[in-house]
Amino acid sequence: MTANILVVDDDADLRQTLQLLLNDSGYQVTVAASGQAALDQLTAGARPDVILLDLMMPDMNGWQFLERAHADATLAAIPVVIMTARKAADSLKIPSGEVLRKPFAYGQLLSTIARCASPPGDL
């Protein structure tokens, strides 16, 4: 069984690139263009092993998504990796403790996902 990743970012090019790269690495990937779209998927029953979440999005941003998701114990248990271009990324207080500063290297992305979920083939 492979790990499932939910990529939440309003940048369509980044969503597509991450989906292709992670699929090639053996992960199952679904995408959402906003925090609200991601929350809709999760409340409909999607249960990814890791969520890659952008903070700055229209509609419902990453902070709002985290607040809503953490109000539900089932959703709060899903590890979240923040992806941000914010210069002070190291000072962010993120419940999951994982932050990737954009632009990030592919190897950095894979090692971060590995810390949050079992690698493909080990589930």
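1. Burial overall. Of the protein's 123 residues, 39% count as buried. Keep in mind that this is a predicted model. Contacts also reach across the chain: among those with a separation of 6 or more, 63% involve residues 24 or more positions apart.

2. Layout. The protein has five helices and five strands. Read from the N terminus, the order of elements is β-α-β-α-β-α-α-β-β-α.

3. Strand β4. This strand covers residues 80-84, and five of its five residues are buried. The strand is therefore largely enclosed by the rest of the structure. Which way do the side chains of β4 point? Val-80, Ile-82 and Thr-84 point one way, and Val-81 and Met-83 point the other way. Residues on both sides are buried.

4. Neighbours of β4. Strand β3, residues 50-54, runs parallel to β4, and four bridges join the two. Within this pairing, Leu-52 has Val-81 of β4 as its bridge partner. Strand β5, residues 98-101, also pairs with β4 in the parallel sense, again over four bridges.

5. Asp-54. This residue is found in strand β3. Is Asp-54 buried or exposed? Its relative accessibility is 5%, and buried means under 20%, so Asp-54 counts as buried. Its side chain makes a polar contact with the side chain of Lys-102, at 3.2 Å. Leaving aside residues up to four places away in sequence, Asp-54 touches Val-8, Asp-9, Asp-10, Gly-62, Met-83 and Lys-102. One of these, Met-83, belongs to the β4 set described above.

6. Helices α1 and α5. Two packed helices are described by the angle between their axes and the distance between the axes. Helix α1 spans residues 12-24 and helix α5 spans residues 106-116. Their axes come within 12 Å and cross at roughly 65°. Angles of 65 to 115 degrees count as roughly perpendicular, so that is how α1 and α5 are placed relative to each other. The crossing is right-handed.

7. Residues at the α1 and α5 crossing. Which residues of α1 meet α5? They are Leu-18, Leu-21 and Leu-22. On the α5 side, the residues are Tyr-106, Leu-109, Leu-110 and Ile-113.

How values were computed. Residues are numbered from 1 along each chain as its sequence is written. This is a predicted model: local features need pLDDT of at least 70, side-chain atom pairs count only at pLDDT 80 or more; totals for chains, interfaces and linings use all residues. Side-chain values use heavy atoms; hydrogens and water are left out. Buried means under 20% relative accessible area, exposed over 50%, partly exposed in between (1.4 Å probe, protein chains only). Two strands pair if DSSP finds at least two bridges between them. A polar contact is a pair of N or O atoms within 3.5 Å; within protein, one must be able to donate a hydrogen and the other to accept it, and residues adjacent in sequence count only if both atoms are side-chain atoms. Contact means heavy atoms within 4.5 Å. Axes are lines fitted to C-alpha atoms, for helices over the stretch in contact, and angles run from 0 to 180 degrees between N-to-C directions. Angles under 35 degrees count as roughly parallel, over 145 as roughly antiparallel, 65 to 115 as roughly perpendicular and the rest as oblique. A crossing is left-handed if the near helix is turned anticlockwise from the far one by less than a right angle, and right-handed if clockwise.
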